[in-house]
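Me: I would like to go through the terms used for this structure and ask what each one rests on.

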Amino acid sequence: MTKKTLILGLSAMAIAASALATPSFAAKHDGPTREQRAEWMIKRLDTDKDGKVSRAEADAAASRVFAAFDADKNGQVTPEEVKAKRDAIKAARAEMRKADKGPERQELRAKLQEMRPAMLPAMSQRMFKRADTDKNGSLSLAEVTAAADKRFKMRDTNADGFIDAADLTRKI
């Protein structure tokens with residue numbers, strides 16, 4: 001067998017092997033799907049259990065989240081309070097992952113869910129600055145509610161005044 005034939009044969013085998021392996025890499029998916037995230041969000045925010053989130057439910061959630069992040073209860077959420085809350089959530093998540101499966105893990109999962117009622121509309125620094133309309137370096141409840149209302153309008157793709165699973169699974 002010539003050197004040229006051997007190289008061509010090995011090249012053809014390598015191409016064939018990579019073609020077979022590609023779908024398995026493409027099929028690999030870590031984390032929840034868009035539909036699962038939508039379902040979780042609606043379940044968390046839909047207090048009247050009608051399968052959709054109204055503006056009033058979203059505003060009530062924004063108020064609860066604001067209260068959870070306002071550690072010193074002064075009516076303002078600072079970047080430091082956001083960071084402290086994120087760090088506490090991260091530590092609780094790590095503790096839960098280390099726990100054995102069973103009652104202890106379920107208890108830690110419930111604690112984590114209680115700590116994190118929902119996300120503050122301005123969790124990232126960029127979003128925080130955008131939501132801080134008076135530019136005082138902290139967020140008031142009115143600023144958080146305004147940011148949540150803006151997000152609600154953006155997510156309510158059919159403009160019916162409610163967010164449902166179909167609204168959350170559409171790409172914006």
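**Terms and values**

Reply: What covers the buried residues of α7 includes β1, α3, α6, β2 and α8. This is a predicted model, in which local features need pLDDT of at least 70, side-chain atom pairs count only at pLDDT 80 or more, and totals for chains, interfaces and linings use all residues. Residues are numbered from 1 along each chain as its sequence is written, and side-chain values use heavy atoms, with hydrogens and water left out.

Me: What makes a stretch count as a helix or a strand, and how many are there in the protein chain?

Reply: Helices (H or I, at least four residues) and strands (E, at least two) are DSSP runs, numbered from the N terminus. The protein chain has 8 helices and 2 strands, in the order α-α-β-α-α-α-α-α-β-α.

Me: Why is D149 called buried?

Reply: Buried means under 20% relative accessible area, exposed over 50%, and partly exposed in between (1.4 Å probe, protein chains only). D149 has a relative accessible area of 18%, so D149 is buried. D149 sits in helix α7 (residues 141-155) and touches R55 and D59, not counting residues up to four places away in sequence; contact means heavy atoms within 4.5 Å. The other buried residues of α7 include E143, V144, T145 and F152.

Me: Why are the buried residues of α2 said to line one face of the helix?

Reply: The buried residues in α2 are A38, I42 and L45. Down the axis of α2 they fall within an arc of 80°, so they line one face; the arc is that of the directions from the helix axis to the C-beta atoms. They pack against β1 (53-54), α3 (55-69), β2 (162-163) and α8 (165-169).

Me: What makes a set of residues a nonpolar core, and which residues are in the largest?

Reply: A nonpolar core is a set of buried Ala, Val, Leu, Ile, Met, Phe, Trp, Tyr and Cys residues joined through side-chain atoms within 4.5 Å. The largest has 12 residues, among them A62, F66, F128 and V144. Helix α3 gives the most to this core, with 4 residues. A second, separate core of 9 residues includes A38, I42, L45 and L168.
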